[in-house]
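Have the structure open as you read.

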Amino acid sequence: MIERIKRVIRWVRTADFWAVPALFISSLLFFYDLFGERYLLTERDLAPYFIPPRFFWVESLRGWDFPLWNPYQFSGQPFFANPQHAVLYPLNSLFFLLPFDIAFNAIIILHFSLAGLFVYLFLRDLKVSSTGSLISGLILMLSGYLLSVHSLLTILLSVIWTPLIMMFFRRAMERPGIKNEILTAVFMTISFLGGGIEIVYGNFFVLLVMMFLSMLPNKSYVGDKPRRYILMIRSLLTISFSFLILSAIQLLPFLELWIHSIRGTGISYQEATVWSFAPKDILLFFLPDAYGYFLDMKKYWITQCWLKTMYTGGLPFILSLIFFLVPHPDPLPAPLPYGGEGRVRGIGRGRMLFLSLMLFSLFLSLGQYNPLYPLVFKYVPFFNGIRYPVKFLYIFILALAITAGLGFERLMQFSKERNGKGLKHLLIAFSLISGFILLFLALGHKEVEHFLKLKEIDFPQFNHLSTNLHHTKRFFFYLTLFFLLLRVGYEVKWKGWTKVLLVFFLTADLFGNMGFYGKEKSPDYFKKTKILEIITSDREIFRTFSTGKTIALDNPILVGNAIPFDLIKEKHLPSLNMIFHVHDIWGVDVVRLKKNDDLYKKFISLPSISSSYLIDVYGVKYVISVTPLEEDPRFELIYARLEGLEGNQENLLKQNTIKLYRNKSPLPRAWLVREFKVMDSKEILLMVIGKDFRPDREVLLEEGPPHVDPLPRFVERGRGARDRARDRARRNGEVEFISESNNRLSLKVEAKEGCILILSDTHYPGWKVFVNGKEEKILRANYNFRAVSLSRGVHRVEFVYAPLSFKLGAGLSIIGVISCAIIGWSSRRRKN
């Protein structure tokens, strides 16, 4: 017992113990201004895309209603199947321990800390000193890249696990055994559950590169090479198979969704290469937002810079160059031979590995600027469905952070061995050069500013000149300081105080990224608009529609007495409406169902809402629009957001002000018809958007109903027959909504004669319908919706979503978890 206490005390005194709180405290300080009041991080995609779905599934689980399906967006959409919602991600359990807004911020900040910690652990596993490991951890944790991707939450949640994946895969190659292979698969699965599908795909490429380079001919190796290669391939296959089994609960529903989505058949090359890494943006590693992309949203969309800041500073590049340019023993040894025969030194293999990873990362990130990327898009699986090539820059940033720590380690070796005299002279020379440039910029500020203005290196082509000059001076100040510190540290053999100073100034330099994130007060975010108050007070069953022009982010709206976030809220994006359980015909999602997408695009491409009866097909009662709809007699204006605006009311209504219209005689979400037509899906799509199609009188099916008494017959055409047709639809019977949850909908239907029940909810595999307890066939109606044939009488109709992909995946994952637990227990028992 006493020995155990002594070991704990010794560990507390080590640098490893203090590295964890150092990383955690640094991340807290980085986001210090979130703690003054109840704020919510809302940068870019966080507000409309990530917060509402998480709020939805957290509230659903608290109400014991598992969110397999989302009834509020896209007239219904698979929810759990999309990994980006991260329902099963382990660290999201914080949502059930803290208030939602606090938990949301805490999860993001925690992942910054973990990013630094996992890199630290990887470097320590490479036998790097605690200082070198801490430097690497800080570089990744406080990098501009990681700060930028916090608004693309799935990337942040998935990227941070890459160091652990690399660490345990290296161990699996170095020391044969199932333990490290299983741990690699476990962390790969956690990364996948975080939602960054492309990151997981990229991580498998990283493992392939690591394996391939370890298999390269090595003269110093003595042993059975073929057997070694076979076992290395077996190791990767074991990891892949284990990942597929462990992730099956999420992977199988996702693959089903992918097949039926807009991504399943591939996207255009132009869309796939949106937000590629432009070569000129290399400057952004050293000057934050040098081109002023974020000063003007129109310029932002034109230039397509995905990362808000990439600032990394000078020190990471200096130390990384030392690692690559200065000869040294391999810090990442090649795998020991399986079976224990032979030895491998693997000199230079580490440099080859990280250089390959950096080049591979840049090759993919360049996207449209890479002349070979069309071949990747065409021939490499899944790349025709992946957008934003710049996201693969994470491999470069991680490799930069790791090699910076390894470069510092080499500097310390030089200092102890008193080698590298040329290097120390270079350090002092570069320090003097940087200092002279800084002095020149400071003393000749006016002259430099005048010269650059003549060259038009100013707004709008660039950021404001004063801002860029400030950042340039700041960069050269830290560059001078870093070169000087490296020279002094070399001279005094890196005593403790020099290490502390280097870490301190590195942190201070990277803290220049502070503030590159958006936040809103939590009460402001969750406060209902006046329009939402009107809509949610209506107890009927209906859907809403925010027009395409209204929700377009590049279309400005007029709002008086507004805070900046009101300009987003007043657009009433369907995803934000979901927080208040408003059913909408559209939504915000990158994996949308193709048929849903096709129908909606046809709808919004019509000259006006009046051009068809699609508004009734969707079951829309309220329309939120910036375009006046007074000319259409079907709609009445019930509210306009004119508070705080000056001018004549009539003129304001003609401008881009937010207006709420009510459909005077909407079709409900479920109704009965007698007439039907069986047509090809393409013909249905063309007919359903036409003026002649009357959804209250007939339904268009892709196959005939199994048992319906009436046959298709002539339907009266013309706008004048509308009211008579609606009366006839009501005479077919009544539909009453009994209950609705995420995955279940119960109706009471009184059919006065044989007819077809139409439900304006999305048709999708996994839905079943039970009529009076007996399962019946769900028909695809009006291109994208559901229908079921009913006989005369009173029926209880229940729609249930129970996808086989989820059940099968859950079973496989449970088997995988149990198998891993047994393997772990057996391994521990053998060790004991």
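This is a predicted model: local features need pLDDT of at least 70, side-chain atom pairs count only at pLDDT 80 or more; totals for chains, interfaces and linings use all residues.

Residues are numbered from 1 along each chain as its sequence is written, and side-chain values use heavy atoms, with hydrogens and water left out.

**Overall**

The protein has 33 helices and 19 strands, taken as DSSP runs numbered from the N terminus (helices H or I, at least four residues; strands E, at least two). Of its 832 residues, 58% count as buried, where buried is under 20% relative accessible area, exposed is over 50%, and partly exposed is in between (1.4 Å probe, protein chains only). The protein exposes about 35,400 Å², with 62% of that coming from carbon and sulfur atoms; areas are from the Shrake-Rupley method with a 1.4 Å probe, and for residues only the protein chains shown count as cover.

**A nonpolar patch**

Ile428, Leu432, Phe436, Leu439, Leu443 and Leu484 make a nonpolar surface patch of about 610 Å². Patch residues have over 30% relative accessible area and no salt bridge, and nonpolar side chains (Val, Leu, Ile, Met, Phe, Trp, Tyr) are joined within 5 Å. Helix 19 (residues 421-443) gives the most, with five residues; Leu432 is found in this helix.

**Salt bridges**

The whole structure holds 30 salt bridges, each a side-chain nitrogen of Lys or Arg within 4 Å of a carboxyl oxygen of Asp or Glu. Three of them:

| Pair | N to O distance |
|---|---|
| Arg62 and Glu59 | 3.2 Å |
| Arg641 and Glu570 | 3.2 Å |
| Asp616 and Arg634 | 4.0 Å |

Arg62 and Glu59 sit three residues apart in helix 3 (residues 51-62), about one turn of the helix. Arg62 counts as partly exposed at 38% relative accessibility, and so does Glu59 at 34%.

Arg641 lies in the loop between strand 7 (635-640) and helix 30 (649-654) and Glu570 in the loop between helix 26 (566-569) and helix 27 (574-578), so this bridge ties together parts 71 residues apart in sequence. Both Arg641 and Glu570 are buried.

Asp616, in helix 29 (residues 614-617), pairs with Arg634, in the loop between strand 6 (620-625) and strand 7, so the link spans 18 residues in sequence. Asp616 is buried at 1% relative accessibility, and Arg634 is buried at 9%.

Methods
Patches are made of residues with over 30% relative accessible area and no salt bridge: like charges are joined within 9 Å, nonpolar side chains (Val, Leu, Ile, Met, Phe, Trp, Tyr) within 5 Å.
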